[in-house]
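Hi,

Here is the structure I promised to pass on.

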Amino acid sequence: MEINRPLLPTLFVIFLLVLSLFSSCTLSDPVTIGFSGTLTGKFAEAGISGRSGVLLAVEQVNRKGGIRGRKVKLLVHDDQNDPVRALRSDKEMIDRGAVAVIGHMSSTMSLAVLPLFNREKVLLISPAAGTRSLDDRDDYFVRVDCSSTEEVNVLTGFITGHQQISSIAFLYDISNNCYTSNYLKHCSAVLAEHNVVTKKVIAYDSRQEFSYYDLAEAVLASKADGLFILADPQDSALFCQQVRKIGSTVPLYLSSWAQGKSFLIYGGEAVEGVVLAHTYIPSEEGCHYDNFRTDFIERFNREPDFTALYAYDAAHILCEILKDGDDPVRLKERLIRISRFKGADGEFTINRFGDAQRNVRLITVRKGMFRELAE
Amino acid sequence: MKKKPTLKQILIISFLFGIVLPAFSFSAFMVVFFSKKMEKEVVGRNFLLTESLAGEIDLFMAEPERIIAHISNSIDSGLVAPKSVDQYLQHTIECYQYFESIQVLDRDGVVAFAAPGSKDIIGNSVLTGSFKNFIRLGDEEKKHYFSPAFYSIFSHKTTMAISYRIGEKVFIGYLNLQFMQRIINRINIVDGDAFVLDKAGIVIAHNNIKGLEGRQYFSEQRIRGNRKSSHPRTYNFIRDGVPFLGCFQYAANGNMIVVLAQPESVIFDSVTVLKYYALFGLIAMLFLVLLFGVGILLIIIRPLNRLVVKTHDVARGDYSIEHERTGYRELETIWKNYEEMIRSVKSREDDLRWTQNYLRSIFNAQDSILVALLENGEIVQFNDAALEYVGKKEEHIKKRYFWDVFPFLKHRKKEILQSIDIRNASFHFDILFTEGESRYFSVNCYPIHFEKQQGALIRIDDVTEGKRQESQLLQMHKMETIGTLAGGFAHDMNNIMTGIMGTLSLMDMQMQAGHSITPQKLKQYVDIMSETGERASDILQQLLSISRGHKVSLSSFNLAEVIKNVVSIFRNTLDKSISLTVDFAKENALVMADKGQIEQVLLNLCVNGAHAMTIMRPDGAKWGGVLGIRLTRSSAQKDPEIEGEGEYWKLEISDTGIGMDHDLMQKIFDPFFTTKKKGEGTGLGLSMVYTIVTKHEGFLKVDSHPGEGTRISLFLPSCVKSESLSTEVEDRNLVYPRGEGLILVIDDEKVMVDIAKDILIGCGYNVITSQSATEGLALYSRKWRTVKAVLLDMSMPEISGRDLFRKMKEINSDVKVLLASGFQKDKRVLELLNEGVKGFVQKPITFTKLAHAIDAVINE
């Protein structure tokens with residue numbers, strides 16, 4: 001029998017049409033970005049918040065159609081607060097095509113991996129690394145939080161201007177030495193300029209066994225008029241607990257590193273009245289911030305902290321500059337060229353060295369909440 | 001016209017839409033249905049596992065609740081001494097390792113007791129600020145509250161706090177979630193996740209340690225929002241591009257959610273395998289169905305195609321039959337019937353062919369030319385005689401118009417076509433065709449009406465020979481009639497000769513007696529001789545008219561003149577016992593006919609009538625009777641014997657002879673039938689009469705009774721106007737034209753030469769004569785330039801007048817010849833006239849006749 005000739009071409013055409021239909025479903029390649037921060041261990045709080053902020057931003061961008069039609073793919077790595085691991089995971093992300101990495105959440109990790117990014121010419125955007133060691137460096141490091149230099153200036157200004165103290169003691173964690181030691185040096189120097197003598201400096205390593213009580217007792221033994229604690233939120237809270245438990249009423253000063261949720265959880269009554277300087281006050285209400293806060297709570301069922309907010313800003317900045325192409329080398333140029341960005345809690349600028357310029361204010365804890373210090 | 005689909009297309013479409021599509025649809029539906037059912041079962045199974053896991057988590061969380069409550073009651077009731085509380089708590093966390101720490105807070109929220117005990121902890125104030133909200137202290141006494149997961153400052157791992165208040169003491173147990181992790185780890189789940197979310201949606205236990213990293217958050221709303229599965233507590237989500245299906249169940253204690261998620265490819269692996277098998281089965285089934293369908297199509301179509309091919313062969317005339325094995329009964333039957341039909345058709349076609357050939361043979365056997373025409377005159381069929389006559393090939397005849405093939409029918413074209421158009425009855429006519437040799441054709445036209453087709457069959461017979469024989473017979477009969485009339489002629493001629501001879505002898509006698517003849521007497525004698533001469537000339541002319549064999553020449557003339565002529569000839573030949581009565585109308589009885597033939601008819605009838613009253617009477621019977629000739633105008637209205645329309649002249653010839661009975665009357669027009677004695681009749685007379693009358697579209701009626709006599713009525717159609725009715729009357733007043741010039745007279749008869757010479761001289765011409773053709777030709781050759789005209793005798797012994805004319809013409813192509821002959825203007829004369837002879841004068845010549853004729857020739 002003859003095969004019905006017109007049938008075969010028809011079937012073939014239908015097959016091709018179906019094939020092309022399926023082929024056309026293939027999406028454009030996504031734009032890959034990375035996030036690296038400490039997600040486990042003692043310092044995980046900032047990393048988790050930062051990851052959540054980035055995740056929220058990426059989800060929002062993708063919901064709006066991605067970057068010029070390309071979806072954003074987020075690679076998340078846990079540096080476990082280990083420089084070696086941080087380097088390895090960052091290298092892996094770059095190798096997997098990450099055009100930029102948002103992270104790390106601590107200055108020490110950021111400084112540890114920066115040579116890699118400079119060598120690879122890939123942008124590293126940190127939401128929280130505030131060490132002044134990274135100030136004014138023309139490299140591939142960008143941060144959306146302001147440098148600790150400004151914090152120190154504001155806080156020491158307050159100490160010397162309002163507190164009427166003549167001496168001070170320091171307690172700092174060397175596990176984030178790049179941040180704390182620079183902070184300490186700078187602060188101590190500034191205070192010294194204002195005749196505030198540094199009576200005692202005690203360093204501890206949070207990665208090792210130690211007694212909060214003993215350290216607090218040791219630092220208070222100096223009889224300094226004030227105590228400056230440079231530690232993470234938990235340690236800062238527990239040191240405050242020990243100070244008050246011992247019966248000391250010395251004013252307590254903190255770095256912005258302490259501005260975490262667990263500081264309030266573990267601090268109890270002991271953290272009431274502490275003073276720190278930072279750009280972020282979660283209790284403040286504002287249009288943009290409210291939107292971000294609502295979205296964040298809806299997505300993660302908890303209040304955002306500043307690392308979440310700045311990671312969110314970092315992700316949006318990155319997506320903004322990726323709109324003109326994903327060539328990693330050109331990203332910083334575009335970022336510097338734009339320079340002024342609309343953050344979730346207000347506008348801020350990034351200078352030609354990639355350092356954010358934000359309004360630093362004095363913050364205290366009142367009734368279990370971070371609030372701006374009414375001078 | 002729209003092309004109709006073939007059976008093959010119909011079968012393929014029917015097969016595809018009637019079998020393949022339903023089968024495929026049903027199979028696909030069944031695959032989908034069972035797949036869905038299986039998926040539902042698999043999902044249900046996963047959900048059962050999740051429920052089981054949630055049950056275990058519930059049990060796990062119930063234990064710390066119970067222990068905390070127990071500790072709280074023990075301490076609060078004083079069962080444990082305050083100094084032993086730290087030791088008691090330490091013992092408890094050692095026994096119940098799902099506690100990593102237990103703290104007892106006083107009414108200020110300060111840690112009063114703790115295990116493990118530490119100065120870092122004891123004395124800390126924790127009941128303020130956000131921590132208070134965090135673990136919901138103070139809401140209700142003796143009720144357990146679970147905090148969300150948070151990082152333990154002791155283990156630096158995720159923990160949850162369970163709080164229990166009695167009075168002003170608050171008991172807080174920090175749970176070691178590693179135990180929950182162990183429960184989860186017991187779940188052997190392939191490539192999937194089993195995890196527990198706290199009431200805030202944070203992952204607090206995960207079967208994969210990486211799943212615990214970073215306190216991942218899954219809100220219940222997100223899980224519910226992603227729900228696509230039909231099961232109420234299952235949801236779909238995509239992770240790293242891989243579709244997952246998760247099941248969740250609430251663990252009542254701690255408001256936790258237990259989630260079990262696996263890649264769909266793993267969960268539905270068995271379903272996928274089943275789908276593949278089903279798909280394979282479906283494809284195999286489709287293949288088999290297609291194979292089967294193609295087989296069926298082959299079985300159906302191939303024999304049908306052969307049948308179609310065979311029908312084409314048969315349509316082209318190939319009736320060879322090869323029995324086909326078709327494979328199924330119906331087609332076998334069709335084949336058998338078809339073969340039977342082919343045989344039958346072949347048989348009928350053979351019969352038809354035989355009949356056609358037979359008819360063709362008959363058709364061709366005809367000597368007549370037979371030609372079948374369409375209504376437009378196109379030739380569609382013809383026989384061999386036609387082919388032979390035309391002398392051309394078939395293609396030169398077929399589909400051509402008959403008037404092109406048979407030119408002699410051209411002037412009858414309109415008549416033939418009209419007869420086809422009006423379906424007229426057949427008709428006949430004779431045609432003389434004089435192209436080259438003159439031929440007579442008898443043409444019969446028979447209109448044909450076959451179904452809706454109209455046409456005609458034309459039969460053409462070359463009747464030239466028949467005409468000739470008929471003419472000979474007629475001549476024969478004429479001679480016979482002349483023989484019969486010879487006595488009468490002799491009597492007349494004797495009387496005439498008596499007049500001449502008597503007058504001459506009288507003159508001779510008077511001259512011999514020496515008597516002079518006075519001019520008056522001489523004039524009287526000349527008149528007598530002239531009159532008797534003219535009388536003799538008339539008689540001879542009439543005799544010549546009857547006896548000549550001439551062509552049919554129709555002209556209108558007065559029948560009465562014919563009667564007079566015949567009577568004048570016939571009267572003296574009648575037996576004296578017969579009295580003749582003639583009665584005709586005074587008006588001109590004009591008919592369109594051949595005068596000679598009508599005279600012949602009348603003479604025949606008169607002779608027969610006379611014979612019936614004389615020689616045909618029985619021996620001894622008295623001869624005699626009355627022979628009546630009567631001519632009257634008649635028509636259908638006046639005469640019942642006339643069947644058709646129109647006016648007729650009725651010529652009745654009656655006798656009182658022996659008459660005929662009825663049987664005899666039936667035969668009298670048969671050729672060679674005669675009742676006369678041998679030697680008295682040829683039997684052709686009445687037959688000829690019948691033929692002549694019918695040719696003139698007339699008819700005959702016979703009325704006869706034995707012993708009473710016979711009356712034969714002859715009806716001829718009346719002619720309205722005389723066309724050639726010109727009575728040649730000799731001008732006796734001797735008014736003649738005169739001329740001048742030299743006339744050469746050539747005639748072997750001296751009398752003729754002398755008379756002609758005298759007449760021509762009398763007319764003013766100069767005349768030279770010759771009695772020899774040879775001499776005359778020589779004379780002409782010498783004097784042709786001065787000879788104005790030549791009077792030439794037609795019949796001469798040496799050279800005929802025709803040949804002499806031709807020789808003269810060679811000398812002078814413009815020679816003016818006046819031909820003279822004792823014969824009538826016959827064929828030979830006509831030929832010469834056609835060749836260039838200027839005129840003809842019939843002997844005997846008279847002064848006036850010759851004068852006019854020579855004048856006409858000279859002044860042509």
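Keep in mind that this is a predicted model. I'll start with a strand pair: β12 (residues 346–350) of chain A is joined to β13(A) by two bridges, and the two run antiparallel.

Next, the nonpolar cores. The largest has 50 residues, and I33(A), L123(A), F292(A) and L318(A) have the most contacts inside it. Helix α11 (residues 306–322) of chain A gives this core its largest share, 13 residues. If you pick out I33(A) and leave aside its neighbours within four places in sequence, you'll find it in contact with V58(A), V72(A), L318(A) and L322(A), among others. There is also a second, separate core of 45 residues, which includes L220(A), L227(A), A258(A) and V274(A).

L220(A) also turns up in helix α7 (residues 212–220) of chain A, where the buried residues are Y212(A), Y213(A), L215(A), A216(A), V219(A) and L220(A). They sit on the same side of α7(A), because they cover an arc of only 165° around the axis. Among the elements covering them are β6 (167–173), β7 (197–204), β8 (226–230) and α8 (233–246) of chain A.

Cheers

Methods. Residues numbered from 1 in each chain as written. Chains lettered and ligands numbered in written order. Predicted model: local features only at pLDDT ≥ 70, side-chain atom pairs only at ≥ 80, totals over all residues. Heavy atoms only, no water. Buried < 20%, exposed > 50% of the residue type's maximum accessible area, 1.4 Å probe, protein only. Helix = DSSP H or I, 4+ residues; strand = E, 2+ residues; numbered from the N terminus. Arc of directions from axis to C-beta. Contact = heavy atoms within 4.5 Å. Core = buried A, V, L, I, M, F, W, Y, C linked by side-chain atoms within 4.5 Å. Pairing = 2+ DSSP bridges.
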